[in-house]
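Please read them with the coordinates open.

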Amino acid sequence: MEVSPYGLESLWAQGDFVTKGVAVLLVAMSIASWYVIVTKALQLLRFQRASHAAGHAFWDTTSLPEGIATLGTDNPFAEVAKAGATSMSHHTAHKGHLHDQLSVSDWVTLSLRQAIDEASGKLQAGMAVLASVGSTAPFVGLFGTVWGIYHALVSIGTSGQASIDKVAGPVGEALIMTALGLAVAIPATFGYNALVRGNKTTIAKLNKFGFDLHALFVTGSRADSDNSDKGTKNTKLTAVGGV
């Protein structure tokens, strides 16, 4: 089968080490960005299920260990709940040492805030890859285009043939590098924006969950504005029991 003189195969066959290096770099950047997009999207879906449990099933249990079990594993909501329970146990066990320095409210607040900050850091992992690919891939492709056009013009000048059929092929092949750069950058940019939005939503729900946990550990019941207005408490979970 005859290879098209204007396709990617021709570009690869006729390109020098710089052109091939740029092409390989763009492919590597695309693979890295898609890996981050897919893995982070699956992570967000898993966290969304955990956030739903944190808003409903967790508070319908009758003990803290049972409530934590409903959150599942390997998600920030379970880690925050465990951190809060551990802080309560630690404060109770060392009450004589901590009582004069930190109240139970301050101690639980510090523990929950540290757990939430760690969860936020994990959510942001990999986002720098997408930001870097989205911002640099077009310029990498443009560099490949400029380099390819330069060598195409040198080759045309050397051969002395400047007809349109002789110019269109090499220049068109060089412009493919710009298209490849955009093809790599656009998914990375859209993926970055979507994941940032999803991370913000997850962190907001995590902060709300931490606030409710703080109220549970300090006052014995979940902070619920609707229930407070009615003067009733429907929360079943009590801050009794260890992890």
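**Notes on the predicted model**

1. Overall surface. The accessible surface of the chain comes to about 13,700 Å². Carbon and sulfur atoms account for 64% of that surface. Keep in mind that this is a predicted model. Of the chain's 243 residues, 38% count as buried.

2. Architecture. The chain has nine helices and zero strands. Read from the N terminus, the order of elements is α-α-α-α-α-α-α-α-α. Take the contacts between residues at least 6 apart in sequence: 74% of them join residues at least 24 apart.

3. Helix α2 against helix α6. Two packed helices are described by the angle between their axes and the distance between the axes. Here the axes of α2 and α6 (residues 104-124) come within 11 Å. They cross at roughly 145°. From α2, the contact uses Lys40, Gln43, Leu44 and Phe47. From α6, Lys122, Leu123 and Gln124 take part. By class, the residues of this contact are three nonpolar, two polar and two charged.

4. A nonpolar patch. Which residues make the nonpolar surface patch of about 400 Å²? They are Trp34, Val38, Leu42 and Leu45. Tryptophan 34 sits in helix α2, which spans residues 17-55. Its relative accessible area is 44%, so tryptophan 34 is classed as partly exposed.

5. Serine 111. This residue belongs to helix α6. Is serine 111 buried or exposed? Serine 111 counts as buried because its relative accessible area is 15%, and the cut-off for buried is under 20%. Setting aside neighbours within four places in sequence, serine 111 is in contact with Ala83 and Ser87.

6. Side chains of opposite charge can pair when their charged atoms come close. The count for this model comes to two salt bridges. One of them joins the side chains of arginine 113 and aspartate 117, at 3.6 Å from N to O. Both residues lie in helix α6, four residues apart, about one turn of the helix. Arginine 113 is partly exposed, with a relative accessible area of 40%. Aspartate 117 is also partly exposed, at 44%.

7. Aspartate 212 is buried, with a relative accessible area of 2%.

8. Glycine 134. Look for this residue in helix α7, residues 127-159. Glycine 134 has a relative accessible area of 18%. That value is under 20%, so glycine 134 counts as buried. What does glycine 134 touch, not counting residues up to four places away in sequence? The residues are Ala185, Ala188 and Thr189. Isoleucine 186 is 52 residues from glycine 134 in sequence. In space, the C-alpha to C-alpha distance between glycine 134 and isoleucine 186 is 6.6 Å.

Note on methods:
Residues are numbered from 1 along each chain as its sequence is written. This is a predicted model: local features need pLDDT of at least 70, side-chain atom pairs count only at pLDDT 80 or more; totals for chains, interfaces and linings use all residues. Side-chain values use heavy atoms; hydrogens and water are left out. Patches are made of residues with over 30% relative accessible area and no salt bridge: like charges are joined within 9 Å, nonpolar side chains (Val, Leu, Ile, Met, Phe, Trp, Tyr) within 5 Å. Accessible areas come from the Shrake-Rupley method with a 1.4 Å probe; for residues, only the protein chains shown count as cover. A salt bridge is a side-chain nitrogen of Lys or Arg within 4 Å of a carboxyl oxygen of Asp or Glu. Helices (H or I, at least four residues) and strands (E, at least two) are DSSP runs, numbered from the N terminus. Buried means under 20% relative accessible area, exposed over 50%, partly exposed in between (1.4 Å probe, protein chains only). Axes are lines fitted to C-alpha atoms, for helices over the stretch in contact, and angles run from 0 to 180 degrees between N-to-C directions. Contact means heavy atoms within 4.5 Å. Ala, Val, Leu, Ile, Met, Phe, Trp, Tyr, Cys and Pro count as nonpolar, Asp, Glu, Lys and Arg as charged, and the others, Gly among them, as polar.
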